[in-house]
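Hello,

Here is the structure I promised to pass on. Please load it and keep it open while you read my notes.

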Amino acid sequence: MNIEELMSSHLPVEPSTEHQKLCEQVCDPVERNDVNRYLGDPTAGLGLCAQLIAQCDRREPHQEHLERIGELINNELLTLVEDTDLVAGTGFYHRMQQLRERLTEIASFPLLERCYTVAVGGAFSAGKSRFLNSVLGCPSLLPTDTTPTTSIPTYISQGRQDRITALNRYGKKTEIDEEALGAICHAFNDRFGVTFSHLLQLVSIERQSLNYSSLAFLDTPGYSKADNVVHRGGNTDETIARQQLRTADYLIWLVDIQNGTIPKQDMEFIASLESRQPVLFIFSKADKKLETQIREVINTARRDLERAELPYLDVIGYSAQTGEEVSDSGRVLSDLLDAINCHKPGTALYVQVAQQVSQYVSDIQTSKQSRKLTLGTMNELLFDNQLSAEQQTHLQDMQQKTKRELDRLTQSEQSAHSCLRALLETLESLMVILELAIDHQPKLQQLTEYRKQSDEQQWQPLSFTALLQGEKRQLTGYADLKRLPAQVKTISPVGVSFESELNLDIIITRQHARTVLGTTPLTEAFIPGTPVELQITSNNKCLVHLNMPIPA
């Protein structure tokens, strides 16, 4: 797609009369010195668009390694998923794509991977930008007007020089000035009908004078933006904010003190993040209340959080105007930031990649074992002297088909191991170029954070051993003994029973079901009518395969 096509897909075909008048009012930057030049001058605005959407014009030292990793994921791993045809394949490939995108960000801004990320979230107009400007000691760092922002993650960190850099979806970095930052983060869509949220992966702001050398602060859009703009792919600002906040190591949540407590909508949103770190809640704009009133609000919020069973580090008040904190110690915020202001031991991405591919290899091995059991059942049936010649021929054909599937799965397992070795070798070389250490024992939070970025429903495949009773010779009439359709029938004191086309009694004992499910109640896993697949493993047993939704 060229620049003209891309721009025409977002610019209105025929600007409205109101839009034309607006442009006429602001197009002369000399007469309107208070207007952002990228918003006031259409030529400058179009030039900014052209810069931000351009593709890379030179190869970075790490580009070859990124391309190699892309080839391994998009070619070899995709072929592997298609060949194995496992239920878990789609989710595995999606997570590997997420890791590849994350790797692109790391390669472009390795400094961010050396720091712990502190995300600042909250509803629209909670005062996040003013808060960050105050805490970081840069009053004009982020735009602070009340116009809703576009959903572009903005990282602020200490750097060797003052600069603002935008990374687009093509992997190209473009240095921009503060006016450009104000334009892409605010009214550009209103003025020209162009939005950057699907074109830019992130914005990085580096300042030499920031207070914390080993922390990267993530400024996020208000999840409750009033216009609730829907971006490409159906993503709302709530969805995008959730994806961004889930990647952070620590979370600070801002609430306008005029709310009197933490709104229920905020608490529900925070609960959906499934954060493993307790949240620091801060009531912003504390200068608008007396200290006694602030403490009343804090106490009310603590009671509400405890009733909601949300883990929290503390609840404090803060004024961006004065830089003063209202809390028992008066140093909750500064103590937290001082305590975590240290370099990360290394990137967790290496272990994340190894974990994902190894899990898929395990899925392949499980599928192989299941087919071996099925093959054993066929061998037993072939010794039945009462089978007709036609039934024996049918079973022999199924036996050969299953053997071919076993051979294919064995080849896929070998390919997966080979692909994993290539991925890890390329990653090691890339980390040397980026001067990043590898953390071989990352925290559980780092291992699971990328899974949470997707809001698609995740499924957990479960397998149960069931007892079979009835006439088995009818099985010779089926082409595939590994995927016989059935559905949950009832849950009784004995166990879970199933119904299918087979004239057989199929039951999973309660004790076995509880062993597999752990703390999950039987009534949540086995809902009457839920489809399952049966895999015959012997004359009196079968495996019941069930996909159970994982709570978001």
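First, the ground rules. This is a predicted model, with local features needing pLDDT of at least 70, side-chain atom pairs counting only at pLDDT 80 or more, and totals for chains, interfaces and linings using all residues. Residues are numbered from 1 along each chain as its sequence is written, and side-chain values use heavy atoms, with hydrogens and water left out.

**Helix pair**

Helices and strands are DSSP runs, numbered from the N terminus (helices: H or I, at least four residues; strands: E, at least two). Take α6 (residues 89-108) and α16 (residues 389-434). Their axes come within 11 Å and cross at roughly 20°. That makes α6 roughly parallel to α16 (angles under 35 degrees count as roughly parallel, over 145 as roughly antiparallel, 65 to 115 as roughly perpendicular, the rest as oblique). Axes are lines fitted to C-alpha atoms, for helices over the stretch in contact, and angles run from 0 to 180 degrees between N-to-C directions. The crossing is left-handed, meaning that the near helix is turned anticlockwise from the far one by less than a right angle; clockwise would be right-handed.

Which residues meet? From α6 come Met 96, Leu 103, Ile 106 and Ala 107; from α16 come Leu 423, Leu 427, Leu 430, Met 431 and Leu 434. Contact here is heavy atoms within 4.5 Å. The contact residues divide into nine nonpolar, no polar and no charged. Nonpolar covers Ala, Val, Leu, Ile, Met, Phe, Trp, Tyr, Cys and Pro; charged covers Asp, Glu, Lys and Arg; the others, Gly among them, are polar.

**Burial and cysteines**

Buried means under 20% relative accessible area, exposed over 50%, partly exposed in between (1.4 Å probe, protein chains only). In α12 (residues 264-273), the buried residues include Asp 266, Met 267, Phe 269, Ile 270, Ser 272 and Leu 273.

The structure holds zero disulfides (a disulfide is a pair of cysteine sulfur atoms within 2.5 Å). Cys 115 is buried at 1% relative accessible area. Cys 419 is also buried, at 1%.

**Positive phi**

Glu 274 follows α12 and has a positive phi, near 55°. Glu 309 has a positive phi near 60°. Glu 309 sits in the loop between α13 (291-308) and β11 (312-319) and is exposed at 70% relative accessible area. Glu 435 has a positive phi near 60°. Its loop lies between α16 and α17 (444-452), and Glu 435 is exposed at 64%.

Regards
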